[in-house]
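Visitor: Could you take me through one part of this model in close detail? I'd like the cut-offs spelled out as you go.

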Amino acid sequence: MKCKKCSKTAVIRLIQHNTAFCAEHFIEYFEKCIQRTITEYSMIQKDDRVLVAVSGGKDSMTLWYVLNKLGYKTSGLLIDTGIGELKSNVISDFAVKMSRELMIVDVKEYLSGLTTPEVAKLIRRPTCSVCGLIRRYLMNKVAYENGYDLLVTGHNLDDEVSFLLGNLLNWNLEYLQRQAPFMPKTHKRIVAKAKPLVWLTEKEIYVYAMLNEIPFESERCPFSKDASSLRYKSLLNRLEIDQPGTKLRFYKQFQRLSLFQRDAILLNECVTCGYPTTTDKCSFCRMRERIENAMGEQAN
Ligand code: AMP
Ligand code: ZN
Ligand code: ZN
């Protein structure tokens, strides 16, 4: 297999694009793809202060690396959810190597001293949904309070198409309306959010990370083992083998539907914390209330 650009031995074959690249040309293709996505959706302006949500996985570490290489002003944010052993050393060493700041936020400070799994057990909710709610709320809060213009996450094409399939199977249109690669600021306390890796697959990100010696944690979260998103991913991978390009087509056509809710919807300010909500109290504050009630009951 030869590189389509220079005829050197290819390191990766991209069936969905009917092409193959050597290391040098794959790196060039990968970075151009991210820059094109940023430009196409007007995600980042040159002087924007960008906060990269870094979990330590290959996607967010690669995203951070490429955004720096492209010249954007970034800092990292790691939310310590208390799940498993915190691998912050890998991330903080990487931040030092790139001369970028890393903020580490411990969820316990916001949850009466409890970790995410402890909260989930106490209020009898699935760990993944509790974890998602906490991470989304804190990412926005930290980005807003520290004056960032944009929050970026490492969601890739495989994440997006599995989310798309799952939400279509359940006709969860409300979720799909919020799945855009770029969500502009719709309220003074909601920071704009972007996913610059949406057109790249897990395989492409993995190969780029390896070629550039980007450190990352490959361990999966112990709570997501049975998650239906993994089943959708494996189903979509099988479809992709039979019909290359399925994932790209599926996501591209979805983008064309323009289903996304880009306009400001009427939002209230949470009576407890002041962050936007569609009701009178936001779901994070309602969760905190349930924690306090459950702790009170335990004490009695
Ligand atoms: P996940 O929801 O685990 O698939 O992660 C999607 C994206 O969210 C990652 O690529 C990161 O950008 C971000 N993310 C996930 N977990 C964390 C975390 N603990 N701290 C900061 N960012 C995170
Ligand atoms: Zn080449
Ligand atoms: Zn609130």
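Guide: Lysine 233 and aspartate 159 are both buried, where buried means under 20% relative accessible area, exposed over 50% and partly exposed in between (1.4 Å probe, protein chains only). Bear in mind that this is a predicted model, so local features need pLDDT of at least 70, side-chain atom pairs count only at pLDDT 80 or more, and totals for chains, interfaces and linings use all residues. As for bookkeeping, residues are numbered from 1 along each chain as its sequence is written, chains are lettered from A and ligands numbered from 1 in the order in which they are written, and side-chain values use heavy atoms, with hydrogens and water left out.

Back to our pair: the side chains of lysine 233 and aspartate 159 form a salt bridge, 2.7 Å from N to O. The term stands for a side-chain nitrogen of Lys or Arg within 4 Å of a carboxyl oxygen of Asp or Glu. Lysine 233 sits in helix α9 (residues 228-242) and aspartate 159 in helix α6 (residues 157-169), so the bridge ties together parts 74 residues apart in sequence. Helices here are DSSP runs (H or I, at least four residues), as are strands (E, at least two), numbered from the N terminus.

Now the helices themselves. α6 and α9 pack at an angle of about 110°, their axes 9 Å apart; axes are lines fitted to C-alpha atoms, for helices over the stretch in contact, and angles run from 0 to 180 degrees between N-to-C directions. That makes α6 and α9 roughly perpendicular, the label for 65 to 115 degrees (under 35 is roughly parallel, over 145 roughly antiparallel, the rest oblique).

Who touches whom? With contact meaning heavy atoms within 4.5 Å, the α6 side includes Asp158, Asp159, Val161 and Leu165, and the α9 side includes Tyr232, Lys233 and Leu236. The residues of this contact split into six nonpolar, four polar and three charged. Nonpolar covers Ala, Val, Leu, Ile, Met, Phe, Trp, Tyr, Cys and Pro, charged covers Asp, Glu, Lys and Arg, and the others, Gly among them, are polar.

For contrast, aspartate 47 bridges to lysine 73 at 3.6 Å between the closest N and O atoms. Aspartate 47 is exposed at 59% relative accessible area, while lysine 73 is partly exposed at 43%. Counted by the salt-bridge rule, the model has 15 of them.
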